[in-house]
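Here is a quick tour for anyone meeting this structure for the first time. Have a look at it below, then read on.

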Amino acid sequence: MKNYIIGIGGTGAKCLEHLLHCCTAGLGPNNLWAGLVDQDEANGNVSKTKILLNKYMNLRSNLRNESGNDLAKKSNLFKTQITANADSVWLPMKGANPTLEELINYNLLKPEVKGLMDCLYDPDELKQNLSEGFRARPNIGAAAILSTTANEDDIFWSQIYKAIDAARGGEEVRVFIISSIFGGTGASGFPNIARRIRQIQKDKNVSSNFHLGGALMLPYFNYEVPEENMEGELYAKPEEFLDQTKGALQYYSKLFEYEKIFDQVYVTGWDPLTKLPNFKMGGNLQNNPPLFPELYAALGALKFFSEDNKIGEAQEIFHIGKNESNDILWSDIPNVSSNLNSKNSLTKLIRFSFTYNWMYGPALAGSWSKIKKYQNENWFKRLIYKETYNNDTNACEVGHERNQEVISAMQEYCQDVLTWMTDMQYSTVVNTDQKMDLIVSDFFSEPTKDDSPERIKIKEKLNETEKNQFNTLINDNKNLKLLNIMSNISYKKIEKDQKGLGVFMDILFRSCEQ
Amino acid sequence: MNHIIRSIILTLIGLLLLGWISFWFSALNALGPDGESDLLQWYFDNLVQSEEITSSGMPWEDLAVSLYNLLAQMTTALLSTAVVAALIWSIGSHFLNINAPGKAKFYFIYWIIFTGIFMGIVFGLVFWFTKSSTFNAADYLSDGGVFLISAISVIYYFLVYYLGILLGTARFARSSILFGNKLPANNLL
């Protein structure tokens, strides 16, 4: 089975960030092609997801290399083989500072068509620089996306053509689109890209093996827009989100009534809305925090890709909500399938990230002269020394550059996981009555000052007391201590085909489960 | 729990490597003297004050029964102590707070203290049996015999205990025992 995911706009990119972490934890399918669509290429969230995607792919290829470090097929760590185009972001409108006016060649239009355009768009919208996205104007985004060509030469669309060709060849193909229903890029891209995909499928006469799914994010956050310097600016106005959503839902209701675009649609929202602390119109400063509802969309995508998910003929619409109270609990997180428990996998990943970042990663980092002090310890001998020993040079090569690159890349990735989880927990409930205590994070992280783009800072080093609070890290009453992790890594069986650093990484990951 | 059961099994295997000799020796002594066996003669030559026994007119056969009894009970007590001590350490090693790389060696001091206590008990038991008034034979043990019994007991039961804990100590705690980290690191051990 081939799987494709397309994240549209800032929300799509953020959902993809959650999905990547879920894939790290082993909740994803075996393979996945990932693409982003955003006119605002410099958008902070899009850049962040792009960087994370590259980190994932690099680390996975380094840890699933049959001739080097290999986690082996059985391992769930970085299970999903994710691929992407060299530039994972597709810009509907190419060129520097594009405007709608240029895109539709407004000045060359016949007067009657010009008149029609004047009815649909006001002069500000026609002249608006769209390099930072469609600014919550789906009418602009829709025109921009529809005006682009979807031919096989385009690096983004060529993947869709390949997917449909694969379906024609008898392979099952699933494509999933995530975006918000409000805003600009997502709201305009979601239906138009989906319909274009269906059109290509129709043109190629593919009637089976191809399934299209989507996750629509209803409003789940808002923010306060500063009054100064906003005169004449086009930007996403939070007070318009609900009206936009109402209109969009009416549109989808009609669309789904007459045309089967999606096989499965996952709809999620949030009440009360999360209050984002600072507003940025777009560009690299727009770096919104990961929020809990986006995890629902990511898990929806993973459920769609799950082999247990049997897709029928009828169009299905799923919606999800948490429990009635203001507390967000682990039990609010749905499972991907009957044999993929989301909570177990995510808690394992969080524990792995903690232990790797503060306990084992630092022990393995550096030259052999620094690392060798552990060479007599059982875990080191069994999982590191033997596995990185070079018989030609008669030396343990864990301190060599190629291994050190993997060790430090993993540490960086673990910090990303911890920041993601901590930031999500902090930002989802800040300034609201809600409470989210999935993990206890105050002993290893701290909120940064208001003017910092990073909301959460992970501590570089922990003291003994802080490390010993590891057993309280996850609110699940399991009381898994660092001692248990040390014990587990000393006893877990090395799987067949595991090699190099893959042995240690997988065993540490498996050891973080009780 | 599985790790602890594994440790118990490995400890028992380690104890058996040398401990069977003690078990056999205890059984042999418990059966009592057998006519003119080499062992009886060896006891007479090396452990007791032969001349005093001869001059006192005390029948050696009667004294030998008491000596066999003393040795049977002493070795049983010493073997039991070694088994219990090895099991306590092996099980306890799973609960040592070795929660980070490089921390196991700091628990060497725990092992030294524990082993010191064990050796103290071994000394105490040997002393008690060789100086006890419960057994007539104890009064007729020579200084050389007492030294021989003490030296062999201390060395032998230390080795029995050591082999038990060498195999049975939790893998992550092996750096806390003498030469523990020299054991091969594989899925079996």
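Predicted model: local features only at pLDDT ≥ 70, side-chain atom pairs only at ≥ 80, totals over all residues.

Residues are numbered from 1 along each chain as its sequence is written, while chains are lettered from A and ligands numbered from 1 in the order in which they are written.

**Chain A as a whole**

Chain A holds 17 helices and 16 strands; helices (H or I, at least four residues) and strands (E, at least two) are DSSP runs, numbered from the N terminus. Its radius of gyration is 24 Å, close to the 24 Å that the globule rule gives for 514 residues, so chain A is as compact as a globular protein of that length. That radius is taken over C-alpha atoms, and the rule is 2.2 Å times the number of residues to the power 0.38. Along the principal axes, the C-alpha atoms of chain A fill a box of roughly 85 × 55 × 45 Å. Of the 514 residues, 48% count as buried, meaning that 20 or more other C-beta atoms, placed from the backbone, lie within 10 Å of the residue's own.

**Where the domains meet**

Across the boundary, 30 residues of domain 1 are in contact with 32 residues of domain 2, a contact being two C-beta atoms, placed from the backbone, within 7 Å. On the domain 1 side, α2(A) gives the largest share, six residues.

| Element | Residues |
|---|---|
| α1(A) | 9–24 |
| α2(A) | 44–63 |
| β9(A) | 274–276 |

Is α1(A) mostly covered or mostly open? Covered: 16 of its 16 residues are buried. This helix reaches 23 Å from its first C-alpha to its last, close to the 22 Å expected at 1.5 Å a residue, a figure worked out as 1.5 Å times one less than the number of residues. After α1(A) comes G26(A), with a positive phi near 95 degrees.

**The cores**

The largest nonpolar core has 137 residues, and L19(A), A301(A) and L508(A) touch the most other members. Such a core is a set of buried Ala, Val, Leu, Ile, Met, Phe, Trp, Tyr and Cys residues joined through C-beta atoms within 7 Å. Helix α14 (residues 401–429) of chain A gives the most to this core, 11 residues. Both domains of chain A give residues to this core, so it lies between them. Another core, of 37 residues, lies apart from it and includes V48(B) and Y68(B).

**Meeting chain B**

Chain B puts 17 residues in contact with 21 residues of chain A. One residue to look at is N378(A), which sits in helix α13 (residues 378–385) of chain A. N378(A) is buried, with 26 other C-beta atoms within 10 Å. Leaving aside neighbours within four places in sequence, N378(A) is in contact with S490(A), R171(B), F172(B), R174(B) and A185(B).

Technical notes
Buried ≥ 20, exposed ≤ 12 C-beta atoms within 10 Å, placed from the backbone. Domains from an automatic or database assignment.
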